[in-house]
Amino acid sequence: MAGITYKDSGVDVDAGDELVERIKPFAARTRIPEVLSGVGGFAGLCGLPTGMKDPVLVSGTDGVGTKLKLAFLADRHDTVGIDLVAMCVNDVVTTGARPLFFLDYFATGKLDVARTASVIQGIAKGCEDAGCALLGGETAELPGFYAPGEYDLAGFSVGVVERSAIIDGKRVASGDAVIGVASSGLHSNGYSLVRKVLLDHAKLALDSTPDGLGEPLVDALLRPTRIYARAVRALLDATIDVRALSHITGGGLPGNIPRVLPDDLGVAIDASKWTRPAIFDLVQRLGGVSEAEMRRAFNIGLGLVVVVPQSDASRAVDALNAAGERASIIGRVIETPGVEFEDRVQFVAT
């Protein structure tokens with residue numbers, strides 16, 4: 001009588017090996033000159049760029065959060081990997097760093113090779129967009145730990161910056177210009193509130209096209225987070241005096257802009273200076289969500305905020321737009337801590 005095998009307990013080693021072979025071509029497309037190893041070893045090797053005098057490594061880690069629940073409901077898994085890279089890389093580039101490499105951790109109860117490959121292909125696409133290498137990762141099969149068909153993701157990004165070129169916000173001064181760079185939508189924050197309002201309260205179907213949205217709900221909800229690595233590089237290559245960069249994630253504009261400013265300074269922002277994607281107004285209208293709560297939970301249309309001297313503001317906007325972004329001057333630095341908004345129309349529940 002044959003004994004119990006590892007596969008009998010829920011772990012399929014052969015499936016794991018098949019997955020590694022499937023993802024090798026994805027990772028190969030992200031290879032950069034500094035990479036010294038391939039996928040499949042115990043560790044990834046990456047050298048530092050040549051020509052740097054005093055390189056400083058910059059690291060960031062994050063996940064995708066409850067946006068994954070929507071990927072499970074829709075059985076659409078090709079974009080959440082992009083989200084994962086974006087959430088890590090966008091933090092790293094706020095220091096002025098160039099992203100070097102990325103590592104992922106994927107955990108599930110039972111390994112579905114095709115679904116997992118789709119996720120990792122998205123991760124590789126995100127790395128290509130960021131200009132960094134997918135250096136390696138870990139796929140863990142944990143029977144009984146996750147609900148059937150579900151998984152979790154975590155990511156880790158490392159970049160490098162010349163010590164003398166670190167962007168840390170210390171040089172921000174009153175009167176500096178504040179530039180907003182458009183988000184692609186919700187990005188990867190506030191999804192617990194989104195699901196509560198749109199799915200639980202309003203009972204919307206993912207394949208429906210709600211009034212005012214202009215597209216199927218699932219497309220708006222699973223649109224991936226925009227990656228700003230190339231935009232930041234365009235600013236620096238244009239020798240613009242970038243004094244602060246803020247990645248707008250959980251906490252919104254009020255929670256994230258002050259993180260990169262001196263304690264005695266704040267910003268005044270005119271909310272009419274950028275276009276707010278329709279998905280935010282849908283959530284606000286159907287949930288009766290206050291404007292203050294919207295600003296605290298979501299990016300409300302801006303994924304990156306840049307602070308530059310007024311003399312560099314126009315050039316900075318031009319450089320960002322030429323790099324494929326939608327950027328505009330949205331305000332100025334003031335001598336009052338915090339974030340002050342111009343009034344915006346309040347939506348009410350119907």
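**The aromatic cluster and its surroundings**

Guide: Phe72, Phe106 and Tyr151 are joined into a cluster by ring pairs. Rings of Phe, Tyr and Trp (for Trp, the six-membered ring) are taken as a pair if their centres lie within 6.5 Å; planes under 30 degrees apart count as stacked, those over 60 as edge-to-face, and the rest as tilted. The model is a predicted one, in which local features need pLDDT of at least 70 and side-chain atom pairs count only at pLDDT 80 or more, while totals for chains, interfaces and linings use all residues. Residues are numbered from 1 along each chain as its sequence is written, and side-chain values use heavy atoms, with hydrogens and water left out.

The structure contains four aromatic pairs. One of them, formed by Phe72 and Tyr151, is edge-to-face, with 4.9 Å from centre to centre and 80° between the planes. Phe72 belongs to helix 2 and Tyr151 to strand 4, so that this pair links parts of the chain 79 residues apart. Helices (H or I, at least four residues) and strands (E, at least two) are DSSP runs, numbered from the N terminus. Phe72 counts as buried at 18% relative accessibility, and Tyr151 counts as buried at 3%. Here, buried means under 20% relative accessible area, exposed means over 50%, and partly exposed lies in between (1.4 Å probe, protein chains only).

The setting of Tyr151 may be followed along its strand. Ten of the twelve residues of strand 4 are buried, so the strand is largely enclosed by the rest of the structure. Strand 4 covers residues 151-162 and runs antiparallel to strand 1, to which nine bridges join it. Two strands are said to pair if DSSP finds at least two bridges between them. Along strand 4, Ala154 stands opposite Gly63, and Phe156 stands opposite Thr61. Strand 4 also pairs with strand 2 (residues 98-108), in the antiparallel sense and over ten bridges. In that pairing, Asp152 of strand 4 is the bridge partner of Ala107.

These strands belong to an open sheet of four, with mixed pairing and the order 1-4-2-3. Strand 1 (55-63) and strand 3 (133-141) stand at the edges with a single partner strand each, so one side of each has no neighbour in the sheet. On average, neighbouring strands of this sheet are turned by 15° against each other, direction ignored; the axes are lines fitted to C-alpha atoms, for helices over the stretch in contact, and angles run from 0 to 180 degrees between N-to-C directions.

The buried residues of helix 5 (residues 191-201) are Tyr191, Val194, Val197, Leu198 and Leu199. They line one face of the helix, because seen down the helix axis they fall within an arc of 155°, the arc being that of the directions from the axis to the C-beta atoms. These buried residues pack against helix 2 (67-74), helix 6 (217-222) and helix 9 (278-287), where contact means heavy atoms within 4.5 Å. On the face of helix 5 turned away from its buried side are the exposed residues Lys196 and His201. Lys203, with a positive phi near 60°, follows the helix.

Charged contacts complete the picture. Side chains of opposite charge can pair when their charged atoms come close. The structure holds 20 salt bridges, each defined as a side-chain nitrogen of Lys or Arg within 4 Å of a carboxyl oxygen of Asp or Glu. One of them joins Glu128 and Arg29 at 3.9 Å, N to O. Glu128 lies in helix 4 (residues 113-130) and Arg29 in the loop between helix 1 (13-28) and strand 1, so this pair ties together parts 99 residues apart in sequence. Glu128 is partly exposed, with a relative accessible area of 31%, and Arg29 is partly exposed at 46%.

Another salt bridge is that of Glu215 with Arg223, whose closest N and O atoms are 2.7 Å apart. Glu215 counts as buried at 18% relative accessibility, whereas Arg223 is partly exposed at 32%.
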